[in-house]
Amino acid sequence: MSVIGVFALQGNVREHVAMLNQVGAEAVPVRRPAELERVDAMVLPGGESTTMDKLARAFELFEPLQKRIADGMPVFGTCAGMIMLANEITGGIEGQETLGGLDVTVRRNAFGRQVDSFEADLEFAAFDTPYHAVFIRAPWVERVGRDVEVLSTVRSGPAAGRIVAVRHDRLLATSFHPEMTGDARLHGYFAELVRSL
């Protein structure tokens, strides 16, 4: 069975582990390079992308993670995790770096501050019914590369048409927090992607 690691230095680690277990995946927290070596795939949870960058460096995880992503490890990035995977960010702080691999441009805090958090029902081609998504200080995707598949966009309101879920080969990313919904379908989608390799 494939083992999926969850970046455990910040974010809703327990919730992601629980969701992955719910869909039949073995999930473990990852804080150290030795733990990263033992997993087949990773989840990068929400949190604060600049803090995640600093913590990944402090725990000597940044470069090993970057190398595993470049070597083709499947990764699911949610909210700040999406920013960490993006090749390019706008609205970041000076000198902010990402792990890269996902050929998109992401706007940090695009939907506004904490008080602008919201929920929305999203359509996914892979799912029969809408997916209820929770957005908290969320980014959105402003540009997608040629090989990036857009999985979902906001349907209505001031952000109508904004891209909030993408897939690029083995990389999956959402602007929202799927671990906060009780709906495990996206974790299942990622687990299936990992199993299929």
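In which helix is Thr-50 found? In this predicted model, Thr-50 belongs to helix α3, which covers residues 49–58.

**Thr-50**
- Thr-50 has a relative accessibility of 9% and therefore counts as buried, since buried means under 20%.
- Leaving aside residues up to four places away in sequence, Thr-50 touches Ile-93, Gln-96 and Arg-108.

**Residues with positive phi**
- Most residues other than glycine have a negative phi.
- Arg-137 is not a glycine, yet its phi is positive, at about 45°.
- Arg-137 sits in the loop between β8 (131–135) and β9 (140–144), and with a relative accessible area of 30% it is partly exposed.
- Asp-169 likewise is not a glycine and has a positive phi, of about 60°.
- The loop between β11 (163–168) and β12 (171–174) holds Asp-169, which is exposed at a relative accessible area of 56%.

**Largest pocket**
- The largest pocket has a volume of about 200 Å³.
- Its lining consists of 13 residues, and Phe-118, Val-154, Ser-156, Gly-157 and Pro-158 are the closest to its centre.
- Strand β7 (residues 118–122) supplies four residues, the largest share of this lining.
- By type, the lining of the largest pocket comprises eight nonpolar, two polar and three charged residues.

**Second largest pocket**
- The second largest pocket contains about 170 Å³ of space.
- Among the 15 residues that line the second largest pocket, Gly-47, Glu-48, Cys-79, Ile-136 and Arg-137 lie nearest its centre.
- Five nonpolar, seven polar and three charged residues make up the lining of the second largest pocket.

How values were computed
Residues are numbered from 1 along each chain as its sequence is written. This is a predicted model: local features need pLDDT of at least 70, side-chain atom pairs count only at pLDDT 80 or more; totals for chains, interfaces and linings use all residues. Side-chain values use heavy atoms; hydrogens and water are left out. Helices (H or I, at least four residues) and strands (E, at least two) are DSSP runs, numbered from the N terminus. Buried means under 20% relative accessible area, exposed over 50%, partly exposed in between (1.4 Å probe, protein chains only). Contact means heavy atoms within 4.5 Å. On a 1 Å grid over the protein atoms alone, a cavity is a set of points where a 1.4 Å probe fits but cannot get out, and a pocket is an open set with protein on both sides within 12 Å along at least five of seven lines; lining residues have an atom within 4 Å of a point. Grid points are joined across faces, edges and corners, and a volume is the space filled by probe spheres set on the points. Ala, Val, Leu, Ile, Met, Phe, Trp, Tyr, Cys and Pro count as nonpolar, Asp, Glu, Lys and Arg as charged, and the others, Gly among them, as polar.
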